[in-house]
Amino acid sequence: SQWRPASLLLNPGRLQPRCRQPTFSTTCPNCSKNRRLRQKRAISERKLTRYFVDHRRVRVVGGQGGGGGHSFHSEPRKIFGGPDGGNGGDGGHVILKADQQTKSLSSVLPFYQGVRGERGGSKNCYGANGACVYVKVPVGTLVKEDGEVVADLTQHGEEYVAAYGGTGGKGNRFFLSNENRAPTLFTPGEPGQDRVLHLELKTAAHAGLVGFPNAGKSSLLRAISRARPAVAAYPFTTLNPHVGIVHYQDYEQVAVADVPGLIKGAHQNRGLGMAFLRHIERCHFLLYVVDLSVSQPWTQLQDLKYELEQYKKGLSERPCVVIGNKIDLAESRINLPLLKEQVQDRVIALSALRGDNLEELFLRLRELYDAYVKAEQSRGQSPVKW
């Protein structure tokens with residue numbers, strides 16, 4: 001009885017039943033479509049600075065305790081039952097918790113307050129305690145108060161009570177005594193702890209890439225891991241630290257951190273300064289990336305170690321590997337033997353752009369990681385795992 005066009009009546013084969021499945025279903029061939037997986041939108045290094053935060057000032061206030069109850073028991077044939085006001089509940093704490101999935105302090109708000117405890121009720125009912133407020137921070141967060149370190153969250157799941165909640169008040173039942181059979185006294189809840197804390201993020205990676213601008217650190221991190229830092233031909237492309245994970249066949253993972261480039265005189269606030277070196281302060285071994293295409297590349301290594309010593313004494317003395325990058329250029333092949341004569345550390349020549357000789361770097365990186373694990377186990381400590 002439904003009207004149809006004449007062209008469809010002449011060709012009944014063109015009529016197909018309407019599929020009642022949802023349009024996003026891929027089981028029906030009439031509704032399925034070829035959809036490409038959405039790739040994660042690449043964020044430029046300039047925009048990334050708005051999302052990556054490595055220091056934050058936070059005010060934390062514990063929850064106030066609930067007030068004590070004030071009531072007297074009364075029922076038939078028991079008019080003077082006495083006081084039955086219960087105590088108030090304690091206020092909730094504010095707790096900082098290290099989370100491995102959190103990579104920045106950008107999600108940390110400037111103010112947190114614990115939940116207030118409930119007031120005590122009649123019939124000797126105690127008030128409920130206030131719930132704790134958990135603040136997720138990245139692993140490697142340093143907590144300071146008035147310039148002094150009060151906590152160092154270096155393990156996943158580690159917690160620190162930033163502000164304790166106040167104690168609940170006492171109900172009039174608490175003040176019952178032989179001298180006072182009908183007390184009317186009850187106390188309010190105490191206020192929670194009020195503190196101003198400074199959070200500072202120090203990336204807890206195994207290895208740290210150190211080098212001059214345009215030495216190829218970001219390109220090397222892209223070649224050995226799945227990290228995708230920005231790469232360009234101009235200096236200071238990297239403005240924020242990046243962490244890449246090197247996977248091995250035995251399921252071991254080595255974390256490598258890339259920081260912005262250092263220049264000569266960085267301790268005098270030249271270039272980007274050296275405040276970002278806090279992210280390699282926890283690294284157990286360093287990877288010096290040297291550009292072999294420049295004249296006298298060993299001077300770069302000397303300047304890098306000098307700047308590290310200006311930031312922290314003994315930082316340049318950690319186990320290290322000197323990586324001579326851009327070996328695919330003709331000038332680099334000439335400077336490579338000269339660099340090995342001037343440097344006492346082991347030199348690995350490779351090309352991060354073409355991927356030449358990356359296997360030697362993987363083997364050396366695993367040797368340094370195994371040595372670190374054995375050293376930590378011999379001291380009875382658990383090594384950092386990713």
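Asn214 is partly exposed, with a relative accessible area of 32%, and it sits in the loop that runs between β9 (207-211) and α3. In this predicted model, Asn214 has a positive phi of about 65° although it is not a glycine. The protein has 386 residues, of which 44% count as buried, and its secondary structure comes to 6 helices and 14 strands. Among the contacts in the protein with a separation of 6 or more, 70% are accounted for by residues 24 or more positions apart.

**Backbone with positive phi**

- Most residues other than glycine have a negative phi.
- Besides Asn214, whose phi is about 65°, the residue Gln296 also has a positive value, with phi near 50° in a residue other than glycine.
- Gln296 belongs to the loop between β12 and α4, and because its relative accessibility is 45%, Gln296 counts as partly exposed.

**The largest nonpolar core**

- The largest nonpolar core has 31 residues, and those with the most contacts inside it are Leu262, Leu277, Ile280, Leu286, Tyr288, Leu308 and Val343.
- Two or more residues are given to this core by each of the elements β11 (253-258), β12 (285-291), α4 (298-311), β13 (320-325), α5 (330-342) and β14 (347-349), and α4 gives the most, with 4 residues.
- Tyr288, one of the residues with the most contacts inside the core, touches Val210, Leu301, Leu304, Lys305, Leu308, Ser316, Cys320, Val321, Val322 and Ile323, when residues up to four places away in sequence are not counted.
- A second, separate core has 26 residues and includes Phe285, Val289, Ala352 and Tyr372.

- Val343 is placed in the loop between α5 and β14, and it is buried, with a relative accessible area of 10%.
- Leaving aside neighbours within four places in sequence, Val343 is in contact with Trp298, Leu301 and Val322.

**Leu287 in strand β12**

- Leu287 lies in strand β12 and is buried, because its relative accessible area is 1%, which falls under the 20% limit for that class.
- Not counting residues up to four places away in sequence, Leu287 touches Ala207, Gly208, Leu209, Val210, Val256, Val321, Ile323 and Leu365.
- Leu287 and Ile323 are 36 residues apart along the chain, and their C-alpha atoms are separated by 6.8 Å.

- Two packed helices are described by the angle between their axes and the distance between the axes.
- For α3 and helix α6 (residues 358-378), the packing angle is about 85° and the axes are 11 Å apart, and the two helices are therefore roughly perpendicular to each other, a class that covers angles from 65 to 115 degrees.
- The contact between these helices is made by Leu220, Ala223 and Ile224 on the side of α3, and by Leu358, Leu361 and Phe362 on the side of α6.
- By class, the contact of α3 with α6 has 6 nonpolar residues, with no polar and no charged residues.

**Cysteines**

- A disulfide is a covalent bond between the sulfur atoms of two cysteines.
- Counting as disulfides the pairs of cysteine sulfur atoms within 2.5 Å, the count for this model comes to 0 disulfides.
- Cys132 counts as partly exposed, at 35% relative accessibility, whereas Cys283 counts as buried, at 1% relative accessibility.

Terms used. Residues are numbered from 1 along each chain as its sequence is written. This is a predicted model: local features need pLDDT of at least 70, side-chain atom pairs count only at pLDDT 80 or more; totals for chains, interfaces and linings use all residues. Side-chain values use heavy atoms; hydrogens and water are left out. A nonpolar core is a set of buried Ala, Val, Leu, Ile, Met, Phe, Trp, Tyr and Cys residues joined through side-chain atoms within 4.5 Å. Buried means under 20% relative accessible area, exposed over 50%, partly exposed in between (1.4 Å probe, protein chains only). Contact means heavy atoms within 4.5 Å. Axes are lines fitted to C-alpha atoms, for helices over the stretch in contact, and angles run from 0 to 180 degrees between N-to-C directions. Angles under 35 degrees count as roughly parallel, over 145 as roughly antiparallel, 65 to 115 as roughly perpendicular and the rest as oblique. Ala, Val, Leu, Ile, Met, Phe, Trp, Tyr, Cys and Pro count as nonpolar, Asp, Glu, Lys and Arg as charged, and the others, Gly among them, as polar.
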